[in-house]
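Reader: Hi! Could you walk me through this one while I have it open on my screen?
Author: Happy to, let's look at it together.

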Amino acid sequence: MNKQDLIDLMASSAGITKVSAEKALNTVTESIIGTLKGKGKVSIAGFGSFETSERAAREGINPQTLNRISIKASTVPKFKASKALK
């Protein structure tokens, strides 16, 4: 299922227009992204939770040249499924 399929499903099951369903979906995704950028956590009961994690700087190897490279520290998003979803 892609984004358009989800919008179609939301519109038909909620009895709203596709434009309204797309606005609702965009609002949800933008809200989750904004909260994660602010280092927050989003929990949706029965679905799961989104949060960020800090990944430390490390050294890796370029598989083509076998040269060592340094990989910068970064913040990555994580999703943990709820028991109901599992």
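Reader: Let's begin with the surface: what does the accessible surface of the protein chain come to?
Author: About 6700 Å², and 57% of that belongs to carbon and sulfur atoms. Keep in mind that this is a predicted model.

Reader: Good to know. How many positive and negative side chains does the protein chain have?
Author: There are 14 positive side chains and 7 negative ones, and the centres of the two sets lie 7 Å apart.

Reader: Now the fold, please. Which pattern does the protein chain follow along the sequence?
Author: Along the sequence, the pattern reads α-α-β-β-β-β-β. In total that is two helices and five strands.

Reader: Is the chain spread out or compact?
Author: Spread out: its radius of gyration is 18 Å, whereas the globule rule gives 12 Å for 86 residues, so the chain is more spread out than a compact globule. Along the principal axes, the C-alpha atoms fill a box of roughly 55 × 30 × 25 Å.

Reader: And what share of the residues is buried?
Author: Buried residues make up 16% of the 86 in the protein chain.

Reader: What about contacts between residues at least 24 apart?
Author: Those account for 28% of the contacts between residues at least 6 apart in sequence.

Reader: Switching topic: how many aromatic pairs does the structure hold?
Author: It holds three. One of them is formed by phenylalanine 47 and phenylalanine 79, with 5.4 Å centre to centre and 50° between the planes, which makes the pair tilted.

Reader: Where do phenylalanine 47 and phenylalanine 79 lie?
Author: Phenylalanine 47 lies in the loop between β1 (42–44) and β2 (48–55), while phenylalanine 79 lies in strand β5 (residues 74–81), so this pair ties together parts that are 32 residues apart in sequence.

Reader: Which aromatic pair does phenylalanine 50 form?
Author: Phenylalanine 50 pairs with phenylalanine 79, again tilted, at 4.9 Å centre to centre and 45° between the planes. Phenylalanine 50 is in strand β2 and phenylalanine 79 in strand β5, so parts 29 residues apart in sequence are tied together here. Phe47, Phe50 and Phe79 form one aromatic cluster.

Reader: Nice. What about serine 49, is it buried or exposed?
Author: Serine 49 is buried, as its relative accessible area is 11%, under the 20% cut-off. This serine lies in strand β2.

Reader: What is serine 49 in contact with, leaving aside its neighbours within four places in sequence?
Author: Serine 49 is in contact with Lys41, Val42, Ser43, Lys78, Phe79 and Lys80.

Reader: Over to the helices. Where is aspartate 5 found?
Author: Aspartate 5 is in helix α1 (residues 3–14), and it is partly exposed, with a relative accessible area of 38%. From aspartate 5 to glycine 60 there are 55 residues in sequence and 39 Å in space, C-alpha to C-alpha.

Reader: And which helix has serine 31?
Author: Helix α2 (residues 18–37). Serine 31 counts as partly exposed at 41% relative accessibility.

Technical notes
Residues are numbered from 1 along each chain as its sequence is written. This is a predicted model: local features need pLDDT of at least 70, side-chain atom pairs count only at pLDDT 80 or more; totals for chains, interfaces and linings use all residues. Side-chain values use heavy atoms; hydrogens and water are left out. Helices (H or I, at least four residues) and strands (E, at least two) are DSSP runs, numbered from the N terminus. The radius of gyration is taken over C-alpha atoms; the globule rule is 2.2 Å times the number of residues to the power 0.38. Buried means under 20% relative accessible area, exposed over 50%, partly exposed in between (1.4 Å probe, protein chains only). Contact means heavy atoms within 4.5 Å. Accessible areas come from the Shrake-Rupley method with a 1.4 Å probe; for residues, only the protein chains shown count as cover. Lys and Arg count as positive and Asp and Glu as negative; His and the chain ends are not counted. The place of a charge is taken as NZ of Lys, CZ of Arg, CG of Asp or CD of Glu. Rings of Phe, Tyr and Trp (its six-membered ring) pair if their centres lie within 6.5 Å; planes under 30 degrees apart count as stacked, over 60 as edge-to-face and the rest as tilted.
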